[in-house]
Amino acid sequence: MAIDWEEANTACEHLSPNQDDLVRTIVTQVAEKWTLWTMAVLAAAGKPLRFSRVMEQVEGVSQKSLTKTLRQLERDGLVTRAVFPEVPPRVEYEITGLGVALLEQVHPVWLWAVENLPAFEEARRRYESRKS
C-alpha cells in the first residue's frame, strides 16, 4: 500500500497552529512508553478497572508514571475516570470509543512488529557485531 503523502500534507496544511500542535501532542503521547499498554489493558478488561488493577497488569510501570498516563488519556478523551464517594474513595478507569478506535488503528502495527521480530533481532545482532 502506497502512502499518499500529498493527501496527508494537504490535510495538515489546513490545520490552525493550535490544531497542529494538538495533533503532534496526541501522536507523541501515543508513542510514549506506557500509553498503548495501559489502553490495551483497559480495552481487554471490557469493563471499568480500579487503578490498582491497571497497575498490576501494566508490569513495571510506577505509580507516578501510570497516574500521568491515565491523566493524559482522560484529558484527551481516550479513557474516562469515575470517582465514587466512598471511604476510601474508589476510582475506576474505562477506555472510551475513541480509545478503542485508536487501538484498532495501532493493532496492525503491533502484529507487524511481531511478524517481523526475527528481522529486527537479526538487524540488532548485525549492528552489535559491528561495534565489537
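**Helix α3 and its surroundings**

Mentor: Let's start with a helix pair: α3 and α5 pack with their axes 10 Å apart, at an angle of about 75°. Angles of 65 to 115 degrees count as roughly perpendicular, and α3 and α5 are therefore roughly perpendicular to each other. Keep in mind that this is a predicted model.

Now the side chains. On the α3 side, Thr35, Thr38, Met39 and Leu42 do the meeting, and their counterparts in α5 are Leu66, Thr69, Leu70 and Leu73. Sorted by class, that contact has five nonpolar residues, three polar ones and no charged ones.

Look at the spacing along these helices. An α-helix has 3.6 residues a turn, so residues three or four places apart point the same way. With that in mind, go along α3, which covers residues 35–45: its buried residues are Thr35, Leu36, Thr38, Met39, Val41 and Leu42. After the helix comes Gly46, with a positive phi, near 70°.

While you're at α5, have a look at Gln72, which lies in that helix. Gln72 is buried, with a relative accessible area of 15%, and the cut-off for buried is under 20%. Leaving out neighbours within four places in sequence, Gln72 is in contact with Gln29 and Glu32. From Gln72 to Thr35 you go 37 residues in sequence, yet their C-alpha atoms are 8.9 Å apart in space.

Next, the sheet. α3 lies across β1, β2 and β3, and runs at about 90° to β3. Those three strands make an open sheet with antiparallel pairing, in the order β1-β3-β2. β1 (49–50) and β2 are at the edges with a single partner strand each, so one side of each has no neighbour in the sheet.

Strand by strand, β2 (residues 79–84) and β3 (residues 90–95) pair antiparallel over six bridges, and they form a hairpin with five residues between them. β1 and β3 also run antiparallel, joined by two bridges. Tyr93 is a handy landmark in β3: Arg81 stands opposite Tyr93, and Leu49 stands opposite Tyr93 too.

Tyr93 also takes you into the largest nonpolar core. That core has 21 residues, and the ones that touch the most other members are Met39, Leu42, Val54, Val58, Leu66, Leu70 and Tyr93. Two or more residues each come from α3, α4 (51–57), α5 (63–75), β3 and α6 (97–115). The largest share, four residues, comes from α3.

Setting aside residues up to four places away in sequence, Val54 touches Thr38, Val41, Leu42, Leu49 and Leu66. Thr38, Val41 and Leu42 are among the buried residues of α3, while Leu66 is one of the α5 residues that meet α3.

The axes of α6 and α7 (residues 117–131) come within 4 Å and cross at roughly 55°, which makes α6 oblique to α7. Trp112, Ala113, Val114 and Glu115 in α6 meet Leu117, Pro118 and Phe120 in α7. That contact splits into six nonpolar residues, no polar ones and one charged one.

Methods:
Residues numbered from 1 in each chain as written. Predicted model: local features only at pLDDT ≥ 70, side-chain atom pairs only at ≥ 80, totals over all residues. Heavy atoms only, no water. Buried < 20%, exposed > 50% of the residue type's maximum accessible area, 1.4 Å probe, protein only. Pairing = 2+ DSSP bridges. Contact = heavy atoms within 4.5 Å. Axes fitted to C-alpha atoms, helices over the stretch in contact; angles between N-to-C directions. Core = buried A, V, L, I, M, F, W, Y, C linked by side-chain atoms within 4.5 Å. Parallel < 35°, antiparallel > 145°, perpendicular 65-115°, else oblique. Nonpolar A, V, L, I, M, F, W, Y, C, P; charged D, E, K, R; others polar.
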